[in-house]
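Please look over the structure shown here before reading on. The paragraphs that follow go through selected parts of it in turn.

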Amino acid sequence: MEQIILLIPGLPILSALLTQLLGPCLGRRVARLSVIGTLLTFGLSVAALWLVLTGQQQTTVSLFGSGVFLLLDPLSTLMAVVIAGISLVVHVYSLRYMAEETGYGRFFVLLDLMTATLLVMVAAGDLLTLLIAWHLVGVLLYFLLGQNTRDVSAYRYAFWTNITYRIGDLPLLIAAVLLYQAYGTGSLSILFEQINTNPGTHQVLGWPLMDVVAALIALAAFARSAQFLLHTWLPYSMSGPTPVSALMHAGIVNAGGFLINRFAPVFVHSSEILHWVFIVGLFTAVIGSVLMLTQNDIKKSLGYSTMGQMGFMIMECGIGAFSLAIYHLIAHGLFKGTLFLGAGNVIHAARGDDGVPKEDLYTFVVERRPIRQRLPWRLMAAITLAVPIAILVAAHWLVAEDYFQKQSAIVLLFFGWITGAQLIFTTYRMQTRNLRRLITLSIFSFAVVVLGYTLISHAFDLFLYPDPAFREQIYAAADFDLFWFDLLIGLIALVIIFGWVITSFSDQNGNHKGQFRRRLWLSFYALVSREFYLTDLYTRFSRALLAFAGRLNLWLRWI
Amino acid sequence: MQIPAYLLIGLFLPLFPLSMGFNFVLGRSRYALLRILLLLIWPQIGLTLLQTLDSPVPDWVVPLALFTAALYALRALALRDVGQWSGFLATSAWALLWIAIQGDVTILQLHLFALGFSAPLVLLALLGAGLERRFGAAYTGLYGGLTESIPRFSAILVLVVLAIIATPLFPTFFIMLATVMQAVTLMPLVAVVVAFVWLLWSWAGARLLQGLIVGPTNAEGIFDLNRLATGAYALGLILLVAGGLYGIGGLL
């Protein structure tokens, strides 16, 4: 029965082959073959997940006795369902969306190959298979993004994606080689077993092997998941077809979270790396969200939103909430895929009528009209303090008695608090006729999000990491030094309090901004709207490198 | 005696500036068959000569080999001529054989590695000759949009370039993997440089492809590969993949 894991990526490969071979005979109808193949793949993935849910033990399956191994375990089956499901939706959507495009058959062949590669990637049971699949995802994405071969700019941005992914492939390659050299096996299950029994004896350049490998894997995850400094490709990859954007944002860009989860046994034995993962994720989440707010193009805005979400997902890994990161990438994949596939309709509909009622919310958000009457700020400030405390107590009662001692949970709660405080800041600045309804809705949605996250995190933890000792190890590896932890929590609390002080101050001054503040704000806005000049910097660097290469050729007489 | 011997070998297993010799000869070769022979035989001569020496490789060779590989990979970024591009990629790839030589790789495996690097370059030499026949020059950015005008040729060209830049399943991928493995044994920083060279290959490959296959076509009426030629190229590529998976990669 465990052979099912071989069939899951095997079906889309077969479908790609048939689509390519029968394309000349069947014409555009050949795409239906591809859809049927993906539907069957989805069915098999669900069956595999069901097997695992009903007690099937983790197994490594060899492909016809070869050196290719696939893993049948909770992580691989869960990810397979997500990938096959999203791929199925993208396939069905593309049937009509791509109908007018040239290279219709090629598109479905590439889509099938991408689905198969992603499925192999999540189920890879050995280092070599993982490396091959990880590398191939970037190559296939390059050609999918460049589906329209007439569009030079689409290829330019597809290249940005490809080169960033290649930058991310190389640390993973070196990490895999280091692990293989140290433990003499490529099989992931044997490797993790050996790491657990003997983690600390190997060194690389004087550093512990586990730290070096964890850092390299984290780097690979950063490049794949568009973390800050390796993110510039993401918003520009929108030049590709919309179904590819949906697939990319729903199933490819979030592979960083998967990779960190797959190598959880390595991260457990590393010392400081998860803290760096947390910092990079946090920074990316903030920068991505800020950049998203300044975009006026819906697809680019969604691209930056993905960057922010990926930052949050990586940050969750950094605090040891590995399984929560998996939940996050699934949830994000589903809602972002939906948003992308619906983006075209929204643009089309907005051309006729934007459909936004010209009520208070519209005049406040769109027309930026000042408001006449506000909610009492003291009440709102009190809510931002009371709700997290209530949730903390509820979590303590519902989830675990030692909840107060779980640093990661507290950090997440604080971020939930920031989000909630932001919501309440916005609510405070809005005019309303029904105060009680607005406050109730704010608190309810805030509570649902934070409590939902807490409970779902717990459920995913139990499914993906059933061994309680290992779960504890993950959280322990992510634990901050108490001083830094208190400092972080204090800082976040100060930011929120500062926000309310500023709000109160502005309220008393009738929202009048001084010239200095106005200039400061405009400079900041210019910086953000130019995306911190990072794209310009990279473009200049690559142009300089190409010019240097050209000059070298000239000096060396082209030989 | 040792240094002159290694300098002679450095002509065939390229070490800068001796590497310029191969590119000079390749550039002067007007016939496709001659280019193919050069691409196939040149590194094999170097390996055969290496066998005759019984002294260990001197310490200065590895840094020079890494420099050569990186230099030619970097220079390939700014090339537009397909023939020159294949010469520079060959130089960069063969220079990396010095890293494999340092490890516990047998001489037979080294010959196979050299062949694995050369084989896709041979296919590119044939395709380059095809471009010259059709357009008078195998030059990127000159005509573009080949996907529309000659789709079969473009598909083969894409796969051949992917094979050259060490994309998974092709033998070059497994050779590079083995090279990184040897480099880690030597010193992890050497592995980083090898990985950097690999990255430059990917960049160079993408630039070459974008200059040929992307954009609106302005080459109407150009004849595409016939079915027989397409089949022959496809067979060559399948053999490469099989060689990568079964032979060098040892996966199957």
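**A walk through chains A and B**

In this predicted model, helix 7 of chain B covers residues 107–135, 29 residues in total. From its first C-alpha to its last, helix 7 of chain B reaches 42 Å, close to the 42 Å expected at 1.5 Å a residue. The residue that follows helix 7 of chain B is B:Gly136, which has a positive phi, near 90 degrees.

Another helix of chain B, helix 4 (residues 61–76), contains B:Ala69. Is B:Ala69 buried or exposed? B:Ala69 has 31 C-beta neighbours inside 10 Å; a residue is buried if 20 or more other C-beta atoms lie within that distance, and B:Ala69 therefore counts as buried. Leaving aside residues up to four places away in sequence, B:Ala69 touches B:Ser92, B:Ala95, B:Leu96 and B:Val197. B:Ala119 is 50 residues from B:Ala69 along the chain, and the C-alpha atoms of the two are separated by 18 Å.

Chain A has 559 residues, of which 45% are buried. Its secondary structure comes to 23 helices and four strands. Of the contacts in chain A between residues at least 6 apart in sequence, 80% join residues at least 24 apart.

One pair of helices in chain A can be followed in detail. Helix 3 (residues 74–97) of chain A packs with helix 4 (residues 104–123) of chain A at an angle of about 170 degrees, and their axes are 9 Å apart. Angles over 145 degrees count as roughly antiparallel, so helix 3 and helix 4 of chain A are roughly antiparallel to each other. On the side of helix 3 of chain A, the residues that meet helix 4 of chain A include A:Ser76, A:Met79, A:Ile83, A:Ser87, A:Val90 and A:Ser94. Helix 4 of chain A brings residues including A:Phe107, A:Leu111, A:Thr115, A:Leu118 and A:Val122. By class, this contact between helix 3 and helix 4 of chain A has eleven nonpolar, five polar and no charged residues.

The two chains also meet. In chain A, 34 residues are in contact with 37 residues of chain B. Helix 5 (127–145), helix 6 (152–183) and helix 23 (534–555) of chain A each supply at least two residues of the side of chain A that touches chain B. Which helix of chain A gives the most to the side that touches chain B? Helix 6 of chain A does, with 13 residues. The residues on the side of chain A that touches chain B divide into 23 nonpolar, nine polar and two charged.

Conventions:
Residues numbered from 1 in each chain as written. Chains lettered and ligands numbered in written order. Predicted model: local features only at pLDDT ≥ 70, side-chain atom pairs only at ≥ 80, totals over all residues. Axes fitted to C-alpha atoms, helices over the stretch in contact; angles between N-to-C directions. Parallel < 35°, antiparallel > 145°, perpendicular 65-115°, else oblique. Contact = placed C-beta atoms within 7 Å. Nonpolar A, V, L, I, M, F, W, Y, C, P; charged D, E, K, R; others polar. Expected span 1.5 Å × (residues − 1). Buried ≥ 20, exposed ≤ 12 C-beta atoms within 10 Å, placed from the backbone.
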